[in-house]
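Here is a short report on one protein model. Look at the sequence and the structure first, then read on.

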Amino acid sequence: MGRDRIQYKTADQIRLMRRAGLLVADALDAVRRELRPGVTTAELDAVAEGVIRSAGATPSFVGYHGYPATLCISVNDQVVHGIPGPLQLAAGDLVSVDCGAIVAGWHGDAAFSALVPGAEPDPRDVELVAVTEQSMWHGIAAMAVGERLNAIGGAIEDFVDDRFGLVEEYGGHGIGTAMHQDPHVLNYRTRDRGPKLKAGICLAIEPMLTAGTPTTRVLADEWTVVTVDGGRAAHWEHSVALHEKGLWVLTARDGGEAGLAAIGAADRFAPVA
Ligand code: MF3
Ligand code: CO
């Protein structure tokens, strides 16, 4: 008691965060349309920056602890925090794209993984991307008023089971007037079930899965996180508002309606009016 450092949002504040969330969705959609062999990750970064700046908003990653770009683009064995540059994507590459934006002081943060078109995809890669996305939806659906924070990690871990590696060094986070707020959101179950979730909490849920062993290391650029065994990785993320009536997935264009329905949690979907 009295130690709660979580920023709980009002309905009006959640509506502002929705604007940031939709802009992040726009930027990620624009990047997805440009995913093709030969495109460089720097070109993709410019696409996202253009979408965000044209809306009069600010990319949130630029300058964050000195980070130099609008997106994190992590390819194949890169898990998260890959820096855009001259790398040209190839057909069949597994690409994870993470984007954050600030609108009127409020943050949105989301990521998707996809395979670069132009090659017959490896079924194991397709499964890795799909299971990572579904694990995110299971984590999201575990958010409920009165539920414990670690129900999210428990739901993700149970869903992934032993099909893929589950990265433990990174996790989700509170989000609001800063990109990273309390609490840290683990993607796995712990004995400490954590605080009870209260209406107004906004969390970024972002599981990272690996084809092989989930151990990671950071490259000499001090950002890029790769798997130690060289296996491929996927990363999905949405920013989610929990309120009295249910969940609103701020960075999903449909507010999360389809993603929640797909895992049998349609009843959790509740946009703030
Ligand atoms: N968006 C990442 C996250 O999901 C953080 C990116 S690190 C940055 O929390 F330096 F690029 F901003
Ligand atoms: Co995040």
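Donors are N, O and S atoms within 2.8 Å of the metal; water is not among the atoms, so sites may look incomplete. Keep in mind that this is a predicted model.

**The metal site**

Start with the cobalt ion (ligand 2). Its coordinating residues are Asp 109 (OD), His 173 (NE2), Glu 206 (OE) and Glu 237 (OE), at 2.0 to 2.3 Å. Along the chain, the donors follow the spacing D-x63-H-x32-E-x30-E. Asp 109 sits in strand S5 (residues 106-115) and His 173 in strand S7 (residues 172-174), so this pair ties together parts that are 64 residues apart in sequence. Both Asp 109 and His 173 are buried.

What makes the arrangement around the cobalt ion (ligand 2) irregular? The six donor atoms subtend angles of 53 to 176 degrees. Six donors count as octahedral if opposite donors are over 155 degrees apart and all others between 65 and 115.

**Two helix pairs**

Two packed helices are described by the angle between their axes and the distance between the axes. Here are two such pairs.

| Helix pair | Angle | Axis distance |
|---|---|---|
| H1 (residues 11-33) and H2 (residues 41-54) | about 145 degrees | 9 Å |
| H3 (residues 123-141) and H4 (residues 150-160) | about 145 degrees | 8 Å |

H1 crosses H2 in a right-handed way. On the H1 side, the contact residues are Leu 23, Asp 26, Ala 27, Ala 30 and Val 31; H2 brings Leu 44, Val 47, Ala 48, Val 51 and Ile 52. By class, that contact has nine nonpolar, no polar and one charged residues.

The crossing of H3 and H4 is right-handed. H3 uses Val 131, Gln 134, Ser 135, His 138 and Gly 139, while H4 uses Ile 152, Ala 155, Ile 156, Phe 159 and Val 160. This contact has six nonpolar, four polar and no charged residues.

Most residues other than glycine have a negative phi, and most peptide bonds are trans. Which bond is cis? The peptide bond that joins Asp 182 and Pro 183 is cis, with omega about 0 degrees. Pro 183 belongs to strand S8 (residues 181-185).

Ala 104 has a positive phi of about 50 degrees. Its place is the loop between strand S4 (94-103) and S5. Ala 104 is exposed, at 59% relative accessible area.

Asp 161 also has a positive phi, near 55 degrees. Asp 161 lies in the loop between H4 and strand S6 (165-166). With 56% relative accessibility, Asp 161 counts as exposed.

Definitions and conventions
Residues numbered from 1 in each chain as written. Chains lettered and ligands numbered in written order. Predicted model: local features only at pLDDT ≥ 70, side-chain atom pairs only at ≥ 80, totals over all residues. Heavy atoms only, no water. Axes fitted to C-alpha atoms, helices over the stretch in contact; angles between N-to-C directions. Helix = DSSP H or I, 4+ residues; strand = E, 2+ residues; numbered from the N terminus. Left-handed = near helix turned anticlockwise from the far one by under 90°. Contact = heavy atoms within 4.5 Å. Nonpolar A, V, L, I, M, F, W, Y, C, P; charged D, E, K, R; others polar. Donors = N, O, S within 2.8 Å, 3.2 Å for Na, K, Ca; no water. Tetrahedral: all angles 85-135°; square planar, octahedral: opposite > 155°, others 65-115°. Buried < 20%, exposed > 50% of the residue type's maximum accessible area, 1.4 Å probe, protein only.
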